[in-house]
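Open the model in your viewer and keep the selection tool at hand. The tour goes from one selection to the next.

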Amino acid sequence: MTLREILNITFLFLLYLSLQILLVRNLVLFDVGFCFIYVACILLLPTEMSLSATLLTAFGVGIVVDTFYNTLGMHAAATVLMAYIRPLVIRLQEAQHGFESRFVFSVREMGVREFLYYVMSLTFIHHFALFLIEANNLLLVLPAMVKILASTLFTSFTILLVQYFSRN
């Protein structure tokens, strides 16, 4: 990666984390749909980044969010799980659509359908882990599933909107 790409990624990390902590934290739809736009930090990483670097980055991003949300590692755990499963989703999508090896994750490069498939599948994994850790009880699985589905849709479409209005 070039210095310009590293600076661009660093700026996007700061932007998404700032948006999450300062603005999006208060966006909730009907007490079931939560927006966690910070997952885009991991979703939009380049494919040539190693798995260990991706996992460390995911842990760092999750810990920063946990610090501001006071959630004791729940976001870090969910984000690391999402980052761990990310190469599998990328390989599945490459096999189906024949993407090149050095690929930029954006709406302009992938198209809306493939981008939403990529974002929604990984966001679902993140939210599944996060809300099941939060539920911590078998009696709360059904309300957790409603939160998972609503939050996955809300977060995915928010990331899609940000992609439309960004220049990347």
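**Stop one: a cavity**

Select Ile9, Leu12, Phe13, Tyr16, Ala40, Cys41, Leu44 and Leu45, which line the largest cavity. Keep in mind that this is a predicted model. The volume of this largest cavity is about 50 Å³, and the count of cavities of 30 Å³ or more comes to 2.

Now colour the lining by element. Helix H1 (3–23) and helix H2 (40–43) each give two or more residues to the lining of the largest cavity. The largest share is that of H1, with 4 residues. Which classes of residue make up the lining? It has 8 nonpolar residues, no polar ones and no charged ones.

**Stop two: annotated spans**

Then move to residues 67–85, where the span is 79% helix and 0% strand. Here the end C-alpha atoms lie 24 Å apart.

**Stop three: a helix pair**

Finally, select helix H6 (residues 112–135) together with helix H7 (residues 141–165). The two pack with their axes 8 Å apart, at an angle of about 140 degrees. Show the side chains where they touch: the contact of H6 with H7 has 19 nonpolar, 7 polar and 2 charged residues.

Technical notes:
Residues numbered from 1 in each chain as written. Predicted model: local features only at pLDDT ≥ 70, side-chain atom pairs only at ≥ 80, totals over all residues. Heavy atoms only, no water. Axes fitted to C-alpha atoms, helices over the stretch in contact; angles between N-to-C directions. Nonpolar A, V, L, I, M, F, W, Y, C, P; charged D, E, K, R; others polar. 1 Å grid on protein atoms, 1.4 Å probe; cavity = no way out; pocket = protein on both sides within 12 Å on 5 of 7 lines; lining within 4 Å. Points joined across faces, edges and corners; volume = space filled by probe spheres on them.
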